[in-house]
Structure formats: C-alpha cells, structure tokens
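Try each task before you read its solution.

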Amino acid sequence: MNDRDLLKLESLTQQKLLPQEELKRHFSRKQQLTIGVLGTDQRVENRIPLTPQGCELLIKNGNVIRMFSQAGKGASFNDVDYSEYGVEICHSIEEVYQSKIIVKMTPLDRHDLKYLKKGHVILSPLHLYLQNKEHIQALLRKRVTCVAFEYLQNDYNAYPITQILSEISGMLSIQVASNYLSNDNNGRGVFLGGITGISPSEVVILGSSTAAEYAARTALGMGATVKIFDDCVNRLRDLNEKLGGRISTSIFYPQALSKAFKSADVVIGALSQNSPLELFIPEDMMDILKKGSVVVDLNMMQGGCFETSELRGVKEPYFTKNGIVHYCVRDITTRVSRTASIALSNVLTSVLLELSNCPSIEQHIRYHIGFAEGVYIYNGVLTNEDVGQRLGLDYKNLNLLFPIL
C-alpha cells in the first residue's frame, strides 16, 4: 500500500467514515488471482504483456497464471520459458478464460466475446479511437469489468504504460526513419545525421509529447537538426529546456510549418496520446515534402495525424505515396517486441501484485485511485467519460458506484 492510500485511509478513519471491519478487510492480503494471458495475431502484434520473470513474481506471491500456448513467440519467449516458472500452458482459449483476470496485448475482438462471463476482469489496451459503439455495447452486456492500459496511473498521476512505450516509440521512430531514408527502401539516399562538410539532415517533429522528446533526443544524438511544433508555448518551453536549447520550436503556424516541410528529410507525428488530435496534416501540405523523405506516424491508434497515413501491419509496415515513404503501424514498439514486452511486464506485474494484495477487485478500485482511473467498464456499467462522449453512450462516474470514495 502506498503513502497516498495510507493518508486517505487515515483521514477517513479520523472522520469515522470507515468502520473498523472495513479497515480490517482492506488490510487483508488473502486474495489469490487466477490470471489468463491470451496470445494475439502476430501479423498485427508481437508483444506479450507478461514476461516469464514477471509471471515468476506473481506465482511466488500465490497467484495462478494460465497462458495460451505460443503466446510469447512473437517476443522470443517460448512455452518452456514460462512453464519452468510454474505457468500453466493452455492449448485452448476456453482454458485461459477459466481465469478471473484476462490479460491481452490488444483490445478484445468479436471472437473473444463468446468466452466472456459475468465477473471477468479484462486488462488490455482500449485504443479508443479505433473502437466502435457496437463493440463497447457488447462488452457492457457481458457484465464484465474492463481496465485500459493507457488510462492506468501511478502515484505521481502519470501514465506509466503510455510513458514507457512512448519513450521507446520516440527513439525507434528516428531509427526507422534513418533506415527508410536509404536507397534500399526507396528513400532519398540520405544519412540521418551530420557529416563533416555536409549540411545535417532535418527532422520535423509534430507535438511535444514524451515520444516527441525521445525522438528529438535521438535525432540530436545522431547530429540532425530538429524543429518541433506544438500548440502550447509552455510545453515547447519546457521541452526546449530539457534538451538544452538545441532545438527550434514553433506554434502550428501554417506558414512556418510549410517552410519546415520544404526542407525536412524526416517528419515525425508524435502528438499526445489519450486525447483528440489537435493537428491533422492535409494531403496538399504533404506534397510540399521532398520526394524520398520519410514520414513516421506515431498516432495511428488515434487515426493518424497525416491525411496520407494508412494503417499497416507489422509484416508490411511501410508504403510510398506521392513519392513520400510512410511508416504507419498501430504501435511501433512491436518492432522491438522483446524490449517492449519487458517494459510492459515491469508495470503490469506491479499492478497485478497490488491487486492481489487486496481481498477483491472492488476493494482495490476503492482504495487505489490510479487503478480506478484505468477502469472504463465496471460490472457492465460504462464509467469512462471519454468513451461515452466519443461513442454517444451513457456513462456513470465510477465514484458514484463506490459511495465511500
């Protein structure tokens, strides 16, 4: 239990709002979780949410883990890697769904719905901007509880999964751009960086998110010049200070953006996640870019921030349109699936260990604000405002379902 939870409990106790039996139940550490880990279509996703080492910690704390056979193959983990730590390897999806907690690296699809039962707790990405109303309504009818990776918060009100994946995404975007600038991939044959006697290549980054910061750090480290655009002066100032004043910054002024596009070798779309895109680059502006330049769109889970973007799978992640090389995948971190899986597992293992230290999922939601922020469906009730407003569905504040909060 963290300090914030203790302070909250102490305050409630002093106000005599918590009965002693409630406190006793909250401090109990007797819940055993049964956790089912599903695989994904490896044409779309290679990462796995829990590594063998993460599973080992959970099992040593008295939990049971069932994993679909070969679920970790895309991240170079085999069944033996898991079974030697006590994970039960299942050869049918029905066996995995015998677990109370279901963990998956992609949102549940229509094929998963038939296995869901009332009381299941689903931990997976939401990918709100790729969701549809009918699918969310189907989940509501199943009376399950759904927790979104991207909405989970830690004790510092940050989004740990989004943050760690954004760091990897930013660094990877520059590596990918460098690769596709070469002649081998229909690029301009340009080296991304600075060479003595040759003007450095130019990188334009849209947004000041964590991904934008790490893309800028990587590009600067390679010797490129970096220009960053955003709609908030304060964010640009903060980012400029973090990077030691080595970047050029601007608000999204059309004239300034057009000028930057004319000389750019690489454009990275790295706008903030978990919010509507504040910028959409039309096709006529894309025509300004030099032939053979590279565009990497890190916002495909929000529909993309370039009109010319098209969602592609991990097997064929890029395409050329109007002479511009586009790299547009759902999540670029699947390109380094093992590293990304370890990063994800580090966060999710901690989340699940905390959950196992409460007597029930309901108690955990009550007393762990960061976890509660990730809940978008609770026992068949939609509790996330973003989902409700985007899809036109009725929703309730989660706090109203837990009067003690």
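## Exercise 1: the strands around β13

Strand β11 (residues 294-297) and β13 are joined by three bridges and run parallel. The model is a predicted one, in which local features need pLDDT of at least 70, side-chain atom pairs count only at pLDDT 80 or more, and totals for chains, interfaces and linings use all residues. Residues are numbered from 1 along each chain as its sequence is written, and side-chain values use heavy atoms, with hydrogens and water left out.

**Task.** Find the bridge partner of Val-296 in β13, then work out how β12 pairs with β13 and which way the side chains of β13 point.

**Solution.** 
Step 1. Val-296 has Tyr-327 as its bridge partner in β13. Strands here are DSSP E runs of at least two residues, and helices are H or I runs of at least four, both numbered from the N terminus. Two strands pair if DSSP finds at least two bridges between them.

Step 2. Strand β12 (residues 318-321) runs antiparallel to β13, with four bridges joining them. Within this pair, Thr-320 stands opposite Val-325.

Step 3. Look at the hairpin of β12 and β13: two residues lie between the strands, and Asn-322 takes a positive phi near 55°.

Step 4. In a regular strand the side chains alternate between the two faces of the sheet. In β13, Ile-324 and His-326 point one way, Val-325 and Tyr-327 point the other way, and all are buried. Buried means under 20% relative accessible area, exposed means over 50%, and partly exposed is in between (1.4 Å probe, protein chains only).

## Exercise 2: following the chain through α9

**Task.** Check the span of helix α9 (residues 210-221) against expectation, list what its buried residues pack against, and trace the chain from β7 to β8.

**Solution.** 
Step 1. The expected span of a helix is 1.5 Å times one less than its number of residues. For the 12 residues of α9 this should give 16 Å, and the end C-alpha atoms are 17 Å apart, which agrees.

Step 2. The buried residues of α9 include Ala-212, Glu-213, Thr-218 and Leu-220. The buried residues of α9 pack against α8 (160-180), β7 (202-206), β8 (225-230) and α10 (233-242). Contact means heavy atoms within 4.5 Å.

Step 3. Just after α9, Gly-223 has a positive phi of about 95°.

Step 4. Five bridges pair β7 with β8 in the parallel sense. The β-α-β crossover from β7 through α9 to β8 is right-handed; that is, with the strands pointing away from the viewer, the path from the first strand over the helix to the second runs clockwise. Leu-206 has Phe-229 as its bridge partner in β8.

Step 5. Carry on to strand β9 (residues 248-251), which is joined to β8 by four bridges and runs parallel to it. Lys-227 stands opposite Ser-248 in β9. Together, β8, α10 and β9 make a right-handed β-α-β unit.

## Exercise 3: two residues up close

**Task.** Is Asp-112 buried or exposed, and what does its side chain reach? Then do the burial check for Thr-334.

**Solution.** 
Step 1. Asp-112 sits in helix α6 (residues 110-113), and its 6% relative accessibility is why Asp-112 counts as buried.

Step 2. The side chains of Asp-112 and Lys-104 are joined by a polar contact of 2.8 Å. A polar contact is a pair of N or O atoms within 3.5 Å; within protein, one must be able to donate a hydrogen and the other to accept it, and residues adjacent in sequence count only if both atoms are side-chain atoms. The side chain of Asp-112 also reaches the backbone nitrogen of Asp-109 at 2.9 Å.

Step 3. Not counting residues up to four places away in sequence, Asp-112 touches Leu-38, Tyr-97 and Lys-104.

Step 4. Thr-334 lies in the loop between β13 (324-327) and α13 (337-356). Thr-334 counts as buried because its relative accessibility is 5%. Leaving aside neighbours within four places in sequence, Thr-334 is in contact with Glu-45, Asn-46, Arg-47 and Val-314.
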